[in-house]
Amino acid sequence: MSNQTATMNIPKQAGYGQAMAIICILFFVFGFVTWLNGTLIQFFQIVCELNVSQALLVTMAFFMAYFFLSIPSSFILNKTGFKNGMALGLLIIAIGSLVFIPAANARSFGMFLTGLFIQGAGLALLQTASNPYASIIGPKESAAKRISILGICNKTAGALAPLILGSIILKGAEKLEADIAAAVDPAQKSALLDSLASRVIGPYVAIAIVLTILAFLLKRSSLPEIDTDAEDAGTAAATNGKTNVFQFPQLVLGVICIFVYVGVEVMAGDVIGQYGKALGMSIADTRYFTTFTLVAMLAGYVIGIATIPKYLTGKKGLQISAVLGVLFTIGAFLNTGFSAVTFIALLGLANALMWPAIFPMAIDGLGRFTKIGSALLVMGIAGGGVIPQIYSGMFDQHSMFSFLYSSSIDFRHAFLYCMVPCYLYILFYSLVGDKIGKNKSGVKAI
């Protein structure tokens, strides 16, 4: 869509700056809720007495909601519009947060997963609306830069989330772990676990209240609607004769790219704590490791804002990022202790510019197929649930993916074997994948 088309759909009383401010707040919400998972993985391992693969079901439940709810979200947005749809998404996340109350009281991991799935469903609706909004609301050339600005909001919240939640629910967790392990009386052990589980109630009630207030304010705001079905002359010519979204190869390959990208992002952010524990580090240290990754991502977004599009295109930034991903993964494999963890945290730097580049590249030229294309891309976020399970399946026989491997390997090799192919595919998409089908259609690549 041209900048002229997008601008015509923005009322004068609610201009570009105001719309960006509102979307920035929403991206802050995404980041805060999403990056609590790294802390929850370690918390549930203690409270619900889980192995690694079971604990990583946190990411599976959360991110698989995107797979199941993204396409329904596009139909909801067609009925509600962007603003009302995003307000509804906030309320759904609030409902998922409230499920943590009975889950904590019953110390039921299944109920916790249900709450996480509901939260993921709300985020699927928010993401399906907000990402194309951010891509289309301004000039196409600066879409990656615009999403990088939103990414700073997202990752700032993500860096704060584990610090805040970890200081509340994992305070003194190392001593509690020792007390629980030493408890010989089942009633005493149960009481200790119940006490620890109750710590999660307060933070999630607060989250539910804040989200409900935000939903009300968003509903009352003057956030403008955009018309993603409108097409300029070039896009209309490119989409002429297209009957479904699967006729755009750059989108289909982009969905796979989003899948593997979110997988490596979650591995770097949520699995880093488990990786540190496997290296023999204490939970007092590992509970904050997710923040290290998010700080590195923040640095990457700042670099993106400074360099895109003045010095780099989003496409070139994606190529550099993919190469860095391979190098940092190998660095983590070749090192131990805090050096290895540092390389995993640096993957945040490598991952920072990926979403801002992939999403605009994949939806470029979709015209009236933009909503459903966005929904398919958001479905790809399910990679954040699948790839950590594939990783754990390589060394943990309890994983649902353990049947894929004839023999177990150690967690360091598993991390290497999961991450490097993902980054190589991202490199392929940045070099070739986004061009496939575009020359024939006449759509110019970003």
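Predicted model: local features only at pLDDT ≥ 70, side-chain atom pairs only at ≥ 80, totals over all residues.

Q: Why is Cys422 called buried?
A: Its relative accessibility is 8%, and the cut-off is under 20%, so Cys422 counts as buried.

Q: What about Cys48, and why does that residue get its label?
A: Cys48 comes in at 15% relative accessibility, so it counts as buried too.

Q: How do you know whether Cys422 is in a disulfide or in none?
A: A disulfide needs two cysteine sulfur atoms within 2.5 Å. For Cys422 the nearest cysteine sulfur belongs to Cys418 and is 6.7 Å away, so with that cut-off Cys422 is in no disulfide. Searching the whole structure turns up zero disulfides.

Q: What makes α20 count as largely enclosed?
A: Helix α20 covers residues 370-379, and nine of its 10 residues are buried, so the rest of the structure largely encloses it. Among the buried ones are Thr370, Lys371, Gly373 and Ser374, and the list also includes Leu376, Leu377 and Met379.

Q: Now the cavities: how many are there of 30 Å³ or more?
A: Three. Of the 20 residues lining the largest cavity, Gln127, Asn154, Lys155, Glu265 and Trp355 are the closest to its centre.

Q: How do you know where the largest cavity lies relative to domain 1 and domain 2?
A: Look at who supplies the lining: domain 1 (19-223) and domain 2 (247-436) both give residues to it, so the largest cavity lies between them. At the level of helices, α2 (16-34), α5 (57-98), α7 (109-136), α8 (143-169) and α13 (249-270) each put in at least two lining residues.

Q: What is the lining of the largest cavity made of, by class?
A: There are 12 nonpolar residues, six polar and two charged.

Q: Back to Asn154: why is this residue called buried?
A: Asn154 has 9% relative accessibility, so it falls in the buried class. This residue is found in helix α8.

Q: Which residues is Asn154 in contact with, leaving aside neighbours within four places in sequence?
A: Contact means heavy atoms within 4.5 Å. With those neighbours set aside, the contacts of Asn154 are Phe27, Phe28, Phe30, Gly31 and Trp35.

Q: How far apart are the C-alpha atoms of Asn154 and Phe32?
A: They are separated by 7.2 Å, although Asn154 and Phe32 sit 122 residues apart along the chain.

Key:
Residues numbered from 1 in each chain as written. Heavy atoms only, no water. 1 Å grid on protein atoms, 1.4 Å probe; cavity = no way out; pocket = protein on both sides within 12 Å on 5 of 7 lines; lining within 4 Å. Points joined across faces, edges and corners; volume = space filled by probe spheres on them. Helix = DSSP H or I, 4+ residues; strand = E, 2+ residues; numbered from the N terminus. Nonpolar A, V, L, I, M, F, W, Y, C, P; charged D, E, K, R; others polar. Domains from an automatic or database assignment. Buried < 20%, exposed > 50% of the residue type's maximum accessible area, 1.4 Å probe, protein only.
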